Amino acid sequence: MKYEYREAPEGINNPPVSHLKEAFVLAGGLTLLVVGLFLVLGWAADRLVGRLSPQGEKRLADMLRVPGYPGGKSKGAEDLQQVLDRLSRRQPAAYPLQVTVACSEQVNALALPGGTIVVFSGLLSRMRSENELAMVLGHEIGHFAARDHLKGLGRTLVFLALTTALFGGGDGVPSFLQHVVGVTSYRFSRAQEEAADQAGARLVNEEYGHAGGIVDFFRSLEAEGHQSEAGAWFSTHPAHHKRIEELEGLIAREAWQVREVKPLNGREWAERSCGK
């Protein structure tokens, strides 16, 4: 057989599709897959959490105790507990609720599985009336009533399971992916916050016979510029001015009265709780 030399076609070593485009398609597909799994499994976790008994929630709370947050009543938190107990009698929970103070300059409060409300001293020191504090505690009672704290926990566990399976967890999880997945749950979280605001406002109105003080905390944060419009979009909480508008609309619709509030020295309460 006679050998016949042939010239190689032009561009034979260059693929028709660029490597960069293939990498982009692969990364985009992987991101959509993870977000899709997170949404589906998160939806399933939200449905399953409604079947968890209060006893099961208490056991889960013991297993997943959050590091850095005290699990019981903190010293000096008796005053807060009295306010919480009065509100709880108007909307009994499936288990006794208790409040504890975390000594931190964070301006925040949160509801933990098992019935613990954590109020940060940075928030407590800003309270100027008992009504304002009752609104914060009533908001967290609203989260317990809707079992929001477990729904958020379920989505977090789903996210960690997915990222650990894909990347091995730790520093191997790309930060951009955490951000993309996190943004998908913000809208739902903001809806939960708005519902908890309304639950807290109703409790304050029932306890004090008027709605005075329910927007004071948000007004003070708005005045101090704690949340910009851009920051609000990426936050789990609605913008302060939106919350004020919603609550003032609720007051108008329900024709609630707004009278003088019961003064409170939040800084003194915070210092006593933190042993200063």
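Let me begin with a question: does D197 count as buried or exposed? At 4% relative accessibility, D197 counts as buried; buried means under 20% relative accessible area, exposed over 50%, and partly exposed in between, with a 1.4 Å probe and protein chains only.

Two remarks on the source. This is a predicted model, in which local features need pLDDT of at least 70 and side-chain atom pairs count only at pLDDT 80 or more, while totals for chains, interfaces and linings use all residues. Residues are numbered from 1 along each chain as its sequence is written, and side-chain values use heavy atoms, with hydrogens and water left out.

D197 belongs to helix α7, residues 175–208; helices are DSSP runs of H or I, at least four residues, numbered from the N terminus. Leaving aside residues up to four places away in sequence, D197 touches M135, H139, F218, R243 and L247, where contact means heavy atoms within 4.5 Å. Between D197 and R243 there are 7.8 Å from C-alpha to C-alpha, at a sequence separation of 46 residues.

I turn now to a helix pair. The axes of α8 (residues 216–223) and α10 (residues 240–254) come within 9 Å and cross at roughly 150 degrees. Axes here are lines fitted to C-alpha atoms over the stretch in contact, with angles from 0 to 180 degrees between N-to-C directions. The two helices are therefore roughly antiparallel, a term for angles over 145 degrees. On the α8 side, F218, R219, L221 and E222 meet H240, H241, R243, I244, L247 and E248 of α10.

Finally, the largest nonpolar core has 41 residues, and L80, V119, L124, M127, L133, L137 and I214 have the most contacts inside it. Such a core is a set of buried Ala, Val, Leu, Ile, Met, Phe, Trp, Tyr and Cys residues joined through side-chain atoms within 4.5 Å. Helix α5, residues 130–146, supplies the largest share of this core, seven residues.

Technical notes: Parallel < 35°, antiparallel > 145°, perpendicular 65-115°, else oblique.
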